[in-house]
Each structure stands twice: as C-alpha cells, then as structure tokens.
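Please look at the sequence and the structure before reading on.

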Amino acid sequence: MKIKDIKVFVCCPGRNFVTVKVITEDGTYGLGDATLNGREMAVVAYLEEHIVPCLLGRDAHQIEDIWQYLYKGAYWQNGAVSMAAIGAIDMALWDIKGKLANMPVYQLLGGKSRKGVTVYGHANGETIEEVLNNLGTFIKEGYKAVRLQCTIPNTKGTYGTMEGKKNYYELQGNRPLPPEQVWSTDRYMNFIPELFKQAREKFGYEIALCHDVHSRLTPIEASRLCKLLEPYKLLFIEDAVTTENAEGYKVIREHTDTPLATGEKFNTLWDAKEMIQNQWIDYVRTAVPHGGGLTPLKKLADFASLHHVRMAPHGAPDLSPVCVMAHMHFNLWAPNFGVQEFIGFGTPELNEVFQYKIELKEGLLYMDDKPGWGIDFVEEAAKKYPYKRSYLPVNRLEDGTLWNW
C-alpha cells in the first residue's frame, strides 16, 4: 500500500491549524495534526521540504519503520518543529491503518480500557465570582473535573484567563504580534489560595479541581503554593515550574503532597524519563502531535505506567479536532490514563472544516465507533479560512524582566 501523495493544509477557522493528509495508491487517506502554536509555518516547511519527498512510494503499512526513519534518519533530531511534523505523519498512517482494517484505532492498540474518557473543562474569569459561576455551569453540565484560572486583581490579562473575551478562538486567533503581560508573583501567591478556598466552600469536594501555573514560579515558590493549596485537595497543579531542569520537580515533591502534572512541551520519552522514573510527577501532559505521534506516545504511556504515573494529554484550543480524536482513541486504550483537557465542542467555523462526532455524558466523552480516527477534513471549507499569524503572550515582571510564560 504505497504512499501516492501527501498534502499539507493551513487554515484558520478561528485558530490556525496545520492538517496533513497522506493518500495511498488506492485512494485511502489518513489525517494528522501538525499544529504548533505560533510556529505553524515552520512545521509546514519541514514537512514539504524535508519529509514529503522522502515518503512518496513508501509502504504506508510500515508505521514503526517510517517513524524510526524520520526520527533517526535526520541528524538534527528532537525539537518541537520536527516532532510535530513527524507526529502528523504518524497520526495519518494510523488513520489509514484503521480504515484499511475497518476498525477504530483503539482496537489496533488492544481495545478499550474504559467506557468513556474523563475530561476537565476550563472555568476562567476576571473575578472569583465569575470563575465560581462558570464552575457551577460546568458542574450542571456533568463535568467531574474543572480547571480554575482567575485574573489577579490589579493586573491585566493574566495568562490562562480570557482577557475579557468569552471565546477561546477569538482570543487566540487575533494576536498578530506577541502581547506583553505583567506578572507579580507576590500578588499571585496571595490570591490563588482564596480562589480554591471559596470554590470548596461553595461546591464541596466531590468535584475535582486543578490549576495551571504556566511555569511562572521558582521551585521553592511552587512548593509554597502547593503547600497552601493542600487543604483544597487538588487533582493536580500543572506546570508549576519549567521542565528544562527536571530536579525542580524533585524540590517541589519533597515539600508537598499536592499532585503534579507537566509535559505538554515534551517531544520525546527522553524529556520525561527522569521525572517519571523518579516519580517526581503524577501526570504526563504530552499530546499526540507534539510528542511525535501515536507510536512514541504509546511507549511513553507504557513507561509511565511502570512508575505509577498517569497520562493527561494537553488539549488546548491550539490543537485541532484531529488531535482531539486521536486523544480519544489513545485515552480509551491507555491503562494508565488519568484525565483529558477539553475546551469544548468548537465553533461553527471549526466544525465546518472538521467533521466528527463526540458527546459528553456525566463527565465522560464518547465518540462513534468509526474506522481510523473517525474524523474528516473538508478541503473546500478550509479554503474559506486562510492562515492568520498569531502568537502566545510574552510575560514580564513589573520591573520589565522577561519571565517564563
């Protein structure tokens, strides 16, 4: 089953997405997500100039060998750009494999480990009252887990909140240059515990709550925050510190029993290896596209399971519905799956380009059993939404020092 053609599409139905379509000689095609927020066109160039010419005429069935070829065959390995490109090809090949086998991809992995996928939503707000109102809405909708983020008083545009906008895609798709935001660690540390105190007082402890620090603290600051939040029994604290120095998580682990999650910027198993084997973290947040595809993520999950670490893939709005569906299959299979980040069912524009079906029931996400990923890409619709350059924010301290985002 030879690869006849590979197409790369960039569209912006509210947010920029890079979609890869691998087509075999009999017309079967598979889809992959190559989106890398703020660096989309770099991945497109890597695909079109360096990967596509190498794959035409190869056997689409040889998923493992193609992955090894693309990874080991390039002297310059790793990195977000190259791994997003490899990941999209790998995803598309798994989609093809499922279609040819007439099975959902999760069946090819060994079948389901659960009946549905536990997801958590985002309750954001500019005040604690607004966050709690949004949390109440999520609980009424059946969510069993919710992330809480709130604008810090006397600041503007705290990262992780909606900056006055109520639509993720409107917010993230309109940043032609990186917006600069001001960060105060003291204000943040003095405020966030009150958010969770009020959430528990109002809604109790049956709802699982989590929070994303976005790597804005030092290890000792993060340790203090986690200690302050211990009475509120969080599901996890995400990205408490940067991951470049893995031992930062050792420092936090030694000071608190609040569970820790990180890894959305991991590209390989090697990025996560030290944290997992030392059990410094509880959840790995690596997404299928950014981790190089389903092939390596399955190995990451198996390795994590040996050390009592669960999978909680990244699910931000800068990952396309192709990624959402890939995560559905991965999460249904993975024995050590924990929870999936889920930002909702998209916009009319998004659902015009990507056609798929998922449904939320009592906190669990379900999908139809269709061959492959169970999603289609409408090329003509995508042409209506051309690429629009957009960036994530840049974060500075009050004295102007550039800080982690």
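By class, 15 nonpolar, 7 polar and 1 charged residues make up the lining of the largest cavity. Here Ala, Val, Leu, Ile, Met, Phe, Trp, Tyr, Cys and Pro count as nonpolar, Asp, Glu, Lys and Arg as charged, and the others, Gly among them, as polar. The model is predicted, so local features need pLDDT of at least 70 and side-chain atom pairs count only at pLDDT 80 or more, while totals for chains, interfaces and linings use all residues. Residues are numbered from 1 along each chain as its sequence is written, and side-chain values use heavy atoms, with hydrogens and water left out.

**The largest cavity**

A cavity is a set of points on a 1 Å grid over the protein atoms alone where a 1.4 Å probe fits but cannot get out, and lining residues have an atom within 4 Å of a point. The largest cavity holds about 210 Å³ of space; a volume is the space filled by probe spheres set on the points, which are joined across faces, edges and corners. Of its 23 lining residues, Gly-315, Leu-319, Val-324, Phe-342 and Ile-343 are the closest to the centre. Helix 12 gives the most to this lining, with 6 residues. Helices (H or I, at least four residues) and strands (E, at least two) are DSSP runs, numbered from the N terminus.

Buried means under 20% relative accessible area, exposed over 50%, and partly exposed in between (1.4 Å probe, protein chains only). In helix 5 (residues 128–140), the buried residues are Ile-128, Val-131, Leu-132, Leu-135, Gly-136 and Phe-138. Seen down the axis of helix 5, they fall within an arc of 160°, so they line one face. The arc is that of the directions from the helix axis to the C-beta atoms. On the other side of helix 5, Glu-129 and Lys-140 are exposed.

Helix 10 (residues 269–277) has Ala-272, Met-275 and Ile-276 buried. These buried residues lie within an arc of 95° seen down the axis of helix 10, so they too line one face. An α-helix has 3.6 residues a turn, so residues three or four places apart point the same way.

| Residue | Phi | Relative accessible area |
|---|---|---|
| Asn-102 | near 60° | 59%, exposed |
| Gln-279 | about 55° | 37%, partly exposed |

Asn-102 sits in the loop between helix 3 (80–101) and helix 4 (105–109). Gln-279 is in the loop between helix 10 and strand 10.

Note on methods
On a 1 Å grid over the protein atoms alone, a cavity is a set of points where a 1.4 Å probe fits but cannot get out, and a pocket is an open set with protein on both sides within 12 Å along at least five of seven lines; lining residues have an atom within 4 Å of a point.
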